[in-house]
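The following dialogue is intended for a reader who meets this structure for the first time.

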Amino acid sequence: MNPGIAGNLWLFPAVPFAAAVAILALTKSRRKTAATLAVAGQVVLLAISVVAFLLTLQTHGFRSVQNFTWFTFGDQALRLGFVLDPLASAMLVMISLVGLCIFVFSVGYMAEDKNFTRFFAYLSFFSGAMLGLVIANSLLLLFMFWELVGLASYLLIGFWIERPSAAAAAKKAFITTRIGDLGFFLGMLWLYNRSGTLLFYDGGHGCLESAGLVMLGASATFIALLIFCGAVGKSGQFPLHVWLPDAMEGPTPVSALIHAATMVAAGVFLVARVYPIFSFGAVNGVTSSLTVVVWIGVTTALMAALIAIAQADIKRILAYSTVSQLGLMMVSLGVGGVAAGIMHLLAHGFFKALLFLGSGSVIHGCHGEQDIRKMGGLRRLMPVTFGTYAVGMLALSGVPLFFSGGWTKEEILHATAHWPGSTAPHYLMLAGVVLTGLYMVRQVIYVFFGNRRSAAEHAHESSRVMTTPLIVLAICTIFFSVVLTPAWPWLHNYLTGESIHFEIADLIQPMLLVSFILVGAGIGLGIWMYRRAGMPDGDRPADVDPLEYKQPALFRFLANKMWIDELYAKTIIAFAWAGARFSDWMDRYFWDGLVRGFGAIGQVFGMFTAGVDKRGINAGVDETTVGARGLARLLSDAHSGQIQIYLGVVAVGMLALLLLYAWLA
Amino acid sequence: MTPTLQLFLIISAALFSIGLLAALTRRHAIFILIGIEMMLAAANLNFIAFWRFAPPPHPPTGVMIAIFSIAISAAEAAVGLAMVIAVYRHYRTTNVSQFDQLKG
């Protein structure tokens, strides 16, 4: 057993869980205590995350495993465990840092909410579940935390429970992810069936180590695809992405937490964690399961980017951009760029939390308005929010050199360019970069530039407690790129366990130039298209989107999210409804009829036996007793009490005996 | 007319029948007792008669039994009368047709 943090990894989920329980025990009015407890929990987590991170720096390819037996059945033991490796510790630091910023921001954002304490309890619970997921060394333990993450997201998306749309969104998120989880669960069972263990690393016997992988054989592809189903649900990949935009019904810090540090990161993390199963038996770096991952990722990335162009809700645009970026990460994992995908996940965690918190600040400043068409010109009124938002926007668009998102995106594009499977994902992802620039510029122009429209008139900058996390996250977004550059690919090598070397010449890659051109094209196109957004232009009215004016049919198609929700409503949900109605009918008429029929048979039989009892058995007994009473009366009448009659009977009897004797003799 | 056994037996049977008739028909308890005494007397007469007309020798068995019987009937009469008095004290009557507490 390791002393220190590596031997006490259970602390990561335990600290926030303890905070959550403690906060739940408080009364509603203890707001300050609740916020202090939650934030203190995150500070402790950040501290131990950093300690764990420093520990993993000591050796290349550091991996500390801590397994224990959960329970034993027969001669088999079910073992769980925790693992600390570069992948986990990088995630730990990102989650606890982003989480801390979001927690602090929430103190300001939720200040007016009447369920303030409950909110912080749920947030702590969410963060604990996610940290547990990251350090799990067993697919089963990971699955447990995975479901806890799902539960926490359900509670938080539906936090404003009095809104029917929030309750519906929470249900949708829960059920949609559950569809994916079913696949995950089946994959887990299959994996256990083949390898006999769910531990990832177990001194050479774990299912991710060569001995365990060999036992999987050809079924590795199917196991990987089933586990990927879970990742598709959690990370909002096509076709299960529909819950993510609806999850915007939750409070904005929740959106930030879901989209940046927890929930959706879980799917990408899962694929990265069980990557050996995906890549098992790879020929030239390509397996059929990884090819599926690539194409799902490509579809998701492009579709979500297109939909984001036509959305009007500030948070929905960010939601679709998250879906799109997650697709990009999946592509990266699929083409073999695991380190690039995780780097993008980490970088995305920072700048997406920044963007969501920035949008929360905007919404807060505009008194709850989320429609970007009603904002405009906020850059003067909310300078800090604007500045930090711009950093996030440039990072998300992938502007190279200064922003973390640019480096990681470039690395992903680099990985796709060398994928032997097909060159199509590479070019499609290049198109995705242009689209990202386009929709982010559109959003920024609508919100921060142009004339002030209805919601922007009384806007105000948010308080320090909300802007400070924005500044911290913006600084992280910029300085994070230091460890990402190809000249000094520190994080990449940290994740892959290779040694580090510094080479300034590597800074300039051909892909950097391509990135420059594409991002410039996207942003330039956006500025040109939306330069007069929110204002009348020629014969276009002010409230009509420029794209809507030029291409109304296309815009409607995108604004309605490609009618995927409607398609599901017409097909899968209609099918489910039909099934439900059929089951209802079967239950009501068929099974109920059967039950009633049997009941009627029982009743008839009961009536018959009652008749037999009443008329036959009861009457027989009655008759017998009446007879017995009659006889008894008759016999008792003989006892007249008249002593002379007795004597007379004796005399007559005696005489009769004498006569009998005389006759016989 | 010489006395014969048949004559004694006829008298005895008549005496018994009269006693029985008295015991069965009279309502007064004391008359019933008298009837019973008459039947006993008839029995005693039979003992004496059979003894007297039996062939010799004549051991005194018949007389002895008659004497015993008379002694016992005396005791029986005493007990009977005492019971009549006790019953009379209880019912304030000696009419046996009213002694019907044991009827069914």
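This is a predicted model: local features need pLDDT of at least 70, side-chain atom pairs count only at pLDDT 80 or more; totals for chains, interfaces and linings use all residues.

Q: What is the corresponding share in chain B for residues 24 or more positions apart?

A: In chain B, such pairs account for 51% of the contacts with a separation of 6 or more.

Q: In which sense do strand 1 and strand 2 of chain A pair, parallel or antiparallel?

A: In a regular strand, side chains alternate between the two faces of the sheet. In this structure, strand 1 (residues 64-73) of chain A pairs with strand 2 (residues 76-84) of chain A in the antiparallel sense, over 9 bridges. Two positions may be located by eye: A:F68 has A:L80 in strand 2 of chain A as its bridge partner, and A:T72 stands opposite A:A77 in strand 2 of chain A.

Q: How many residues lie between strand 1 and strand 2 of chain A?

A: The two strands of chain A form a hairpin with 2 residues between them. In the turn, A:G74 has a positive phi of about 60 degrees.

Q: What radius of gyration does chain A have, and what would a compact globule of 665 residues have?

A: The radius of gyration is read against a reference value. A compact globule of 665 residues would have one near 26 Å, whereas chain A has 38 Å. Along the principal axes, the C-alpha atoms of chain A fill a box of roughly 155 × 65 × 50 Å. Of the 665 residues of chain A, 50% count as buried.

Q: Which pattern does chain B follow along the sequence?

A: Chain B follows the pattern α-α-α, with 3 helices and 0 strands. Its radius of gyration is 17 Å, well over the 13 Å that the globule rule gives for 104 residues, so chain B is more spread out than a compact globule. Buried residues make up 13% of the 104 residues in chain B.

Q: How many residues of chain A are in contact with chain B?

A: An interface may be read from each side. Here 12 residues of chain A are in contact with 11 residues of chain B. On the side of chain A that touches chain B, helix 25 (564-638) and helix 26 (643-664) of chain A are the elements that give two or more residues. Helix 26 of chain A provides the largest share, 5 residues. By class, that side of chain A has 4 nonpolar, 7 polar and 1 charged residues.

Technical notes
Residues are numbered from 1 along each chain as its sequence is written. Chains are lettered from A and ligands numbered from 1 in the order in which they are written. Two residues are in contact if their C-beta atoms, placed from the backbone, lie within 7 Å. Helices (H or I, at least four residues) and strands (E, at least two) are DSSP runs, numbered from the N terminus. Ala, Val, Leu, Ile, Met, Phe, Trp, Tyr, Cys and Pro count as nonpolar, Asp, Glu, Lys and Arg as charged, and the others, Gly among them, as polar. Two strands pair if DSSP finds at least two bridges between them. The radius of gyration is taken over C-alpha atoms; the globule rule is 2.2 Å times the number of residues to the power 0.38. A residue is buried if 20 or more other C-beta atoms lie within 10 Å of its own, exposed if 12 or fewer, and partly exposed in between; C-beta atoms are placed from the backbone.
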